[in-house]
Amino acid sequence: MSPHAIGIEPDSSSPSATGRTLEQWLDPSSPAKAPPELGTRLREIADARALRAGMWAAFLSIGLSAVFLTFVVFALTGIPRILPAAIVGALVALIALLALRRERFRIPRSGVILSARGPGIARAGLVAAAGIFLVVNAVLVSMVLLSGNFRSVLVIDVPLLLLLVSVLVVPSAVIGRARISLRRAASRHPRLTAALEQERLGWSPTAATGRFGPL
């Protein structure tokens, strides 16, 4: 069905999707001719891919952190019953890694808007993680001064630090590089390039997104 048939007019200030080649739409100099906040189909694809990749990257980091912590605790205590936690962590990491590999070639459906409540760039993720870490440690220090149990700081700090990095820093770093990552992936993976080309040839403007590009 054409865009005119459903009452959606293409953005006349920009070429149609087929008015430029995919290479031209992906050209890093193109955004200089369009506001960074302009909504386009390519930017929609990049943002949706990054949000999903950020989620799976967080799970990958959590799984690897669980494996690391399990073996550290086992090395310190020699208690074998904690080892199954490493198996669970490894399974989580493996599932996340497979999902990340699948996301490399996935083109999100048009009109599906994904959003995240957390930080959107690596710097913001670092600031958020550091802020939470400092607040928790301010409370811990006051408790340690009263109890004298300094080991409890390490017992809490190491898992907390790994968790904050996994859920705040890692996904925000992935999300913040959404457009750069799509451009790089398209230049390296012919399968993704072919999928984007098919999207370009068959795409029609929608009420929410009137342009195909630039990225």
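**Figure 1. The exposed and buried sides of helix H6.** On the face of helix H6 that is turned away from its buried side, this predicted model places the exposed residues Ser187 and Arg188. The helix itself spans residues 178–188, and its buried residues are Ala178, Leu182, Ala185 and Ala186. Seen down the helix axis, these buried residues of H6 fall within an arc of 100°, and they therefore line one face of the helix. Packed against the buried residues of H6 are helix H1 (22–26), H2, helix H5 (151–176) and helix H7 (190–202).

**Figure 2. The largest nonpolar core and the surroundings of Leu42.** The largest nonpolar core of the model comprises 20 residues, and Leu42, Leu182, Leu192 and Leu196 are those with the most contacts inside it. At least two residues of this core come from each of H1, H2, H6 and H7. When residues up to four places away in sequence are not counted, Leu42 touches Trp25, Leu26, Leu182, Leu196, Phe212, Gly213, Pro214 and Leu215. In soluble globular proteins, nonpolar side chains tend to be buried together.

**Figure 3. The aromatic cluster and the arginine over Trp25.** One aromatic cluster is formed by Trp25, Trp203 and Phe212. Arg20 lies over the face of Trp25, at 4.9 Å from the centre of the ring. Both Trp25 and Phe212 are also among the residues touched by Leu42.

**Figure 4. The tilted pair of Trp56 and Phe59 in helix H2.** Three aromatic pairs are found when the whole structure is searched. In the pair shown here, the ring centres of Trp56 and Phe59 are 5.8 Å apart and the ring planes stand at 45°, so the pair is tilted. Both residues belong to helix H2 (residues 41–77), where, because they are three residues apart, about one helical turn separates Trp56 from Phe59. An α-helix has 3.6 residues a turn, so residues three or four places apart point the same way. Trp56 is partly exposed, with a relative accessible area of 22%, and Phe59 also counts as partly exposed, at 38% relative accessibility.

**Figure 5. The whole protein as context for the close-up views.** The protein contains seven helices and zero strands, which along the sequence gives the pattern α-α-α-α-α-α-α. Of its 215 residues, 33% count as buried, while the protein exposes about 12800 Å², of which carbon and sulfur atoms supply 67%. Among contacts with a separation of 6 or more, 77% are accounted for by residues 24 or more positions apart.

Definitions and conventions. Residues numbered from 1 in each chain as written. Predicted model: local features only at pLDDT ≥ 70, side-chain atom pairs only at ≥ 80, totals over all residues. Heavy atoms only, no water. Phe/Tyr/Trp six-rings, centres within 6.5 Å; stacked < 30°, edge-to-face > 60°. Helix = DSSP H or I, 4+ residues; strand = E, 2+ residues; numbered from the N terminus. Buried < 20%, exposed > 50% of the residue type's maximum accessible area, 1.4 Å probe, protein only. Lys NZ or Arg CZ within 6 Å of the ring centre and 35° of its normal. Arc of directions from axis to C-beta. Contact = heavy atoms within 4.5 Å. Core = buried A, V, L, I, M, F, W, Y, C linked by side-chain atoms within 4.5 Å. Areas by Shrake-Rupley, 256 points an atom, 1.4 Å probe, with all protein chains shown as cover.
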